[in-house]
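Me: Hey, I've got a new structure open and I'd like a quick tour. Can you walk me through it?

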Amino acid sequence: MLSQYFGYDILIQFNRSSQLVADFDFMFGTFFLKADHALGFFLLFNIFNLIENNSKNEITRFPIAIYIYLGLTIFISESNISKLVLVIFILYMIYRAFPRKIKVIGVISVLIVTPIVFSQITKIPAVKDEIHFIEAEYNVKKSYQNYERGIAKRPQVLITYASKIPLKIIGDGPYSYFNILTGRFTKTEHFSQIIWVYADLGIIGIFIFIFLLYAIVTSLELSGYISIFIFAIVIVYSLMTTIFSDLAIMITLISLLQKRETYT
């Protein structure tokens with residue numbers, strides 16, 4: 001993937017098909033499914049796998065270059081969720097490395113400094129423009145308008161469900177969000193496991209969905225902090241894609257992090 005990213009101008013010359021291939025379409029490398037989030041998910045879990053399924057002595061056998069390589073690959077990918085998750089995980093690992101007293105002092109310092117830093121950052125013109133854009137796009141009125149037009153983004157759909165549409169207890173039934181027979185959406189044209197489940201099965205479906213994810217993650221018997229982290233990021237990914245029907249994500253989740261026993 002790194003080779004294709006940095007070598008696009010050279011490699012594209014070997015394209016003998018009649019199709020035009022943009023540089024961002026080169027970003028899947030040799031991954032077996034063309035899906036940005038699935039690729040990012042797979043790369044993240046490779047990092048988790050090295051940490052989880054190796055003893056401390058075995059981890060030192062893997063050069064730091066492997067972690068840098070995987071991290072760099074994620075950062076040049078097209079999945080912003082994967083990038084955000086990696087940054088959060090790195091910050092968390094740094095936090096874990098400090099003694100307890102320093103952690104407490106650090107958390108208190110962050111809580112004190114954050115309002116001051118935030119007030120200064122919001123004065124930057126570029127940040128002001130971004131805040132103005134968010135306020136203009138992600139409010140109840142604009143979200144509902146886009147929902148009715150069928151062009152709402154995922155956050156706008158959530159805002160609409162929370163503010164304009166009555167709570168769905170059991171949902172509207174199959175095909176109310178996406179018709180798998182015709183391949184057509186009824187409202188917004190993007191996949192999201194959470195939105196799809198809620199539209200079809202309502203709040204009851206959401207509880208079942210979360211329980212199934214929890215059961216899958218706990219069945220892997222991971223370390224406490226890894227298990228919680230995995231469960232949280234799977235929930236986040238489920239807002240951006242349909243993880244239950246995404247073969248790459250489910251194979252990664254089920255197989256890559258399982259602890260393997262050796263018998264003698």
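Me: How many helices and strands does the protein chain have?

Reply: The protein chain has 13 helices and two strands. Those are DSSP runs numbered from the N terminus, with helices being H or I of at least four residues and strands being E of at least two. Heads up: this is a predicted model, where local features need pLDDT of at least 70 and side-chain atom pairs count only at pLDDT 80 or more, while totals for chains, interfaces and linings use all residues. Residues are numbered from 1 along each chain as its sequence is written, and side-chain values use heavy atoms, with hydrogens and water left out.

Me: OK, and what share of the residues is buried?

Reply: Buried residues make up 35% of the 264 in the protein chain. Buried means under 20% relative accessible area, exposed means over 50%, and partly exposed is in between (1.4 Å probe, protein chains only).

Me: What about contacts between residues at least 6 apart in sequence, how many of them join residues at least 24 apart?

Reply: That comes to 62% of those contacts in the protein chain. A contact here is heavy atoms within 4.5 Å.

Me: Now pockets. What volume does the largest pocket have?

Reply: About 250 Å³. On a 1 Å grid over the protein atoms alone, a pocket is an open set of points where a 1.4 Å probe fits, with protein on both sides within 12 Å along at least five of seven lines; lining residues have an atom within 4 Å of a point. Grid points are joined across faces, edges and corners, and the volume is the space filled by probe spheres set on the points.

Me: Which helices supply at least two residues each to its lining?

Reply: Helix H3 (36-52), helix H5 (64-75) and helix H6 (80-97). The largest share, five residues, comes from H6. The lining includes Ile47, Ile64, Tyr67, Gly71, Phe89 and Met93.

Me: How do the lining residues divide into nonpolar, polar and charged?

Reply: Ten are nonpolar, one is polar and none is charged. The rule counts Ala, Val, Leu, Ile, Met, Phe, Trp, Tyr, Cys and Pro as nonpolar, Asp, Glu, Lys and Arg as charged, and the others, Gly among them, as polar.

Me: Switching to rings: how many aromatic pairs are there?

Reply: The count comes to 15 aromatic pairs. Rings of Phe, Tyr and Trp (its six-membered ring) pair if their centres lie within 6.5 Å; planes under 30 degrees apart are stacked, over 60 edge-to-face, and the rest tilted. One of them is Phe89 with Phe229, a tilted pair at 5.1 Å centre to centre and 55 degrees between the planes. This pair links distant parts of the chain, as Phe89 is in helix H6 and Phe229 is in helix H12 (residues 224-240), 140 residues apart.

Me: Is Phe89 buried or exposed?

Reply: Phe89 counts as buried because its relative accessible area is 3%. Phe229 is buried too, at 15%.

Me: Which residues do ring pairs link into a cluster?

Reply: Tyr177, Phe178, Phe185, Phe191 and Trp196.

Me: And which ring does the charged end of Lys103 sit over?

Reply: The ring of Tyr95, 5.1 Å from its centre. Lys164 has its charged end over the ring of Tyr144, 5.5 Å from the centre. For this, NZ of Lys or CZ of Arg must be within 6 Å of the ring centre and within 35 degrees of the ring normal.

Me: Last one: which residue has a positive phi although it is not a glycine?

Reply: Tyr175, with a phi of about 70 degrees. Most residues other than glycine have a negative phi. Tyr175 is in the loop between helix H10 (154-163) and strand S1 (178-179), and it is partly exposed at 36% relative accessibility.
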